[in-house]
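This briefing is meant to be read beside the structure shown below.

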Amino acid sequence: QEKGSPENPYIIATDTTFAPFEFANQAGDFVGIDMDILEVIATEEGFSYEVKPLGFNAALQALESNQADGMIAGMGITPARQEIFDFSIPYYEAGAQFAVLENSDIQTLEDLAGKNIAAKTGTTGSAVAEQVAAEYGFNVTLFEDSVNMYEDLQAGNSVAVIEDYPVMAYAAKTGGIPLRFIGEQMEVTQYGFAVNKGRNQELLQMFNDGLLALQESDELEAIIYNYLGEEN
Ligand code: GLN
């Protein structure tokens with residue numbers, strides 16, 4: 001059966017919890033900006049797919065080992081990743097930032113000296129945290145999943161987390177986690193859809209065609225607005 005047909009859908013890997021880009025809502029449906037973009041594009045371009053919420057790093061590995069055909073996970077287009085993956089045109093821009101609990105006495109990155117901070121394996125946030133860890137004297141603890149990262153913060157093991165700004169702003173607004181941002185946004189990247197280098201070029205082409213149409217019709221903006229309102 002042809003790839004992308006209902007009998008042989010494309011396998012699309014994603015993160016488990018990266019609201020509002022992908023997450024299980026209260027009804028248990030797996031939704032989000034990435035899921036809406038993918039759904040609209042697939043309908044428009046006429047391909048079938050199956051989403052696998054594996055976690056960010058597991059999704060990277062699934063894509064690299066061809067267990068997944070594509071990946072959409074609020075994934076930043078970075079030069080390092082471009083060596084192993086082919087990316088679509090960008091659909092969003094975000095930077096990573098540190099945040100602490102609102103009532104924390106930490107005010108600056110310098111206050112993180114000697115403390116633990118939480119980051120997610122394989123992300124641009126974890127990479128930047130590891131780059132500046134020696135400079136600020138903190139330890140980086142890696143988690144496979146954002147949920148575990150915030151649990152570690154709330155349990156007091158980590159005093160700060162690093163994650164993409166819009167995701168934390170959304171968590172603070174809707175998830176009841178009282179966060180305060182410290183430092184500046186770092187590692188600003190464009191989000192893109194990825195396939196393994198040189199593979200699934202037809203899927204990548206369809207994604208790009210569909211995304212262009214979404215941008216031109218302002219539907220992309222509407223999808224993002226639907227989740228993030230004014231704060232995008
Ligand atoms: N945008 C970040 C990255 O590309 C984080 C993505 C994520 O955690 N799902 O690494």
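The domain assignment divides the chain into domain 1 (10-91 + 192-228) and domain 2 (94-189), with bounds that come from an automatic or database domain assignment. Taken over C-alpha atoms, the centres of domain 1 and domain 2 are separated by 24 Å. The model is predicted, and for that reason local features need pLDDT of at least 70 and side-chain atom pairs count only at pLDDT 80 or more, while totals for chains, interfaces and linings use all residues. Residues are numbered from 1 along each chain as its sequence is written, and side-chain values use heavy atoms, with hydrogens and water left out.

**Where the two domains touch**

- The contact, which is defined by heavy atoms within 4.5 Å, takes 18 residues from domain 1 and 16 residues from domain 2.
- The size of an interface is often given as the accessible area lost when the parts come together. Domain 1 and domain 2 bury about 1,200 Å² between them, and 58% of this area is on carbon and sulfur atoms; buried area here is the accessible area (1.4 Å probe) that two parts lose on being put together, summed over both.
- Thr17, Phe18 and Asn57 supply 31% of the area that domain 1 buries against domain 2, which is more than any other three residues.
- Across the interface of domain 1 and domain 2 there are 3 residue pairs in polar contact, with both residues at pLDDT 80 or more. A polar contact is a pair of N or O atoms within 3.5 Å; within protein, one must be able to donate a hydrogen and the other to accept it, and residues adjacent in sequence count only if both atoms are side-chain atoms.
- On the side of domain 1 that touches domain 2, the elements that give two or more residues are helix H2 (56-64) and helix H8 (219-228), and H2 gives the most, with 3 residues. Helices (H or I, at least four residues) and strands (E, at least two) are DSSP runs, numbered from the N terminus.
- The residues on this side of domain 1 divide into 10 nonpolar, 6 polar and 2 charged, where Ala, Val, Leu, Ile, Met, Phe, Trp, Tyr, Cys and Pro count as nonpolar, Asp, Glu, Lys and Arg as charged, and the others, Gly among them, as polar.

**Salt bridges**

- Side chains of opposite charge can pair when their charged atoms come close. The structure holds 4 salt bridges, each being a side-chain nitrogen of Lys or Arg within 4 Å of a carboxyl oxygen of Asp or Glu, and the count between domain 1 and domain 2 is 1.
- Lys120 forms a salt bridge with Asp15, and the closest N and O atoms are 2.6 Å apart. Both Lys120 and Asp15 are buried, where buried means under 20% relative accessible area, exposed over 50%, and partly exposed in between (1.4 Å probe, protein chains only).
- Lys120 also forms a salt bridge with Glu163, with the closest N and O atoms 3.5 Å apart. Lys120 lies in strand S8 and Glu163 in strand S10 (residues 160-164), so this pair ties together parts that are 43 residues apart in sequence.
- Glu163, like Lys120, is buried, and Asp15, Lys120 and Glu163 are linked in a network of salt bridges.
- The side chains of Lys197 and Asp86 meet in a salt bridge at 3.0 Å, N to O. This pair links distant parts of the chain, with Lys197 in the loop between S12 and H7 and Asp86 in strand S6 (residues 85-87), 111 residues apart.
- Lys197 counts as partly exposed at 42% relative accessibility, whereas Asp86 counts as buried at 16%.

**Backbone details**

- The peptide bond from Ala19 to Pro20 is cis, with omega near 5 degrees, and Pro20 is placed in the loop between strand S1 (10-14) and strand S2 (23-24).
- Asn200 is not a glycine, yet it has a positive phi of about 50 degrees. Asn200 is in the loop between strand S12 (194-196) and helix H7 (201-216), and it is partly exposed, with a relative accessible area of 21%.
- Asp218, although not a glycine, has a positive phi of about 65 degrees. Asp218 lies in the loop between H7 and H8 and counts as partly exposed at 46% relative accessibility.
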